[in-house]
Amino acid sequence: VDYRQHRIPLVSNISGTWVDDTQLLDADYWARHTLAPVNFMGGISSLLTLGHLRGIEIGAKPKLIPLARL
C-alpha cells in the first residue's frame, strides 16, 4: 500500500474534529472506529463552522446525514 497525505479534509466520527495525517496512518485510530461511539453532532458542527453544507455518509443504509437536515 502506498500511503500518501490526504487531499480531501475528513472529519473523525470519533472526535467530531478534523483528522490529521498522523491519525490516518495509525492502525489503532481505525480500530477505535469499531468500538467508539459516533460523535455525529461534533462532526456536523465542524463542517458547519467552515461553511461546508454537503456531506457523504458511506455505509449500507445511510441513517445519519438525513438527521442533519432536521
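Predicted model: local features only at pLDDT ≥ 70, side-chain atom pairs only at ≥ 80, totals over all residues.

Trainee: What's the mean pLDDT of the protein chain?

Mentor: The mean is 82, and 91% of the residues reach 70 or more. pLDDT is the predictor's confidence in each residue, from 0 to 100.

Trainee: Where is confidence lowest, and where is it highest?

Mentor: Helix H4 (residues 65-68) is lowest, at a mean of 71, while H2 is highest, at 90.

Trainee: How many helices and strands in the protein chain?

Mentor: There are 4 helices and 0 strands, so the order from the N terminus is α-α-α-α, with helices (H or I, at least four residues) and strands (E, at least two) taken as DSSP runs and numbered from the N terminus.

Trainee: And what does the C-alpha trace span?

Mentor: About 40 × 25 × 20 Å along the principal axes.

Trainee: How much of the chain counts as buried?

Mentor: Of the 70 residues, 14% count as buried. Buried means under 20% relative accessible area, exposed over 50%, and partly exposed in between, with a 1.4 Å probe and protein chains only.

Trainee: How much area does the protein chain expose?

Mentor: About 6000 Å², with carbon and sulfur atoms supplying 60% of it. Those areas come from the Shrake-Rupley method with a 1.4 Å probe, and for residues only the protein chains shown count as cover.

Trainee: How many residues line the largest pocket, and which lie nearest its centre?

Mentor: It has 25 lining residues, and Leu10, Val11, Asn13, Ile56 and Glu57 lie nearest the centre. Helix H2 (27-32) and helix H3 (40-49) are the elements giving two or more residues to that lining, and H3 gives the most, with 4.

Trainee: What's the lining of the largest pocket like by class?

Mentor: There are 16 nonpolar, 7 polar and 2 charged residues. Here Ala, Val, Leu, Ile, Met, Phe, Trp, Tyr, Cys and Pro count as nonpolar, Asp, Glu, Lys and Arg as charged, and the others, Gly among them, as polar.

Trainee: Tell me about glutamate 57, then. Where does it lie?

Mentor: Glutamate 57 lies in the loop between H3 and H4. Its relative accessibility is 26%, so it counts as partly exposed. Leaving aside neighbours within four places in sequence, glutamate 57 is in contact with Pro62, Lys63, Leu64, Ile65 and Pro66, where contact means heavy atoms within 4.5 Å.

Trainee: Which residues of H3 are buried?

Mentor: Phe40, Gly42, Gly43, Ile44 and Ser46. Serine 46 has a relative accessible area of 11%. Beyond neighbours within four places in sequence, serine 46 is in contact with Val11, Gly16, Thr17 and Trp18.

Trainee: And isoleucine 44: how far is it from asparagine 13?

Mentor: They're 9.8 Å apart, C-alpha to C-alpha, and 31 residues apart in sequence. Isoleucine 44 counts as buried because its relative accessibility is 15%.

Trainee: What about serine 12, buried or exposed?

Mentor: Buried, because its relative accessibility is 1%. Serine 12 sits in the segment before helix H1 (21-24). Setting aside neighbours within four places in sequence, serine 12 is in contact with Thr17, Val19, Tyr29 and His33.

Trainee: Last one, over in H2. Why does aspartate 28 count as exposed?

Mentor: Because its relative accessible area is 51%. Alanine 31, found in helix H2 too, counts as partly exposed at 41% relative accessibility.

Terms used:
Residues numbered from 1 in each chain as written. Heavy atoms only, no water. 1 Å grid on protein atoms, 1.4 Å probe; cavity = no way out; pocket = protein on both sides within 12 Å on 5 of 7 lines; lining within 4 Å.
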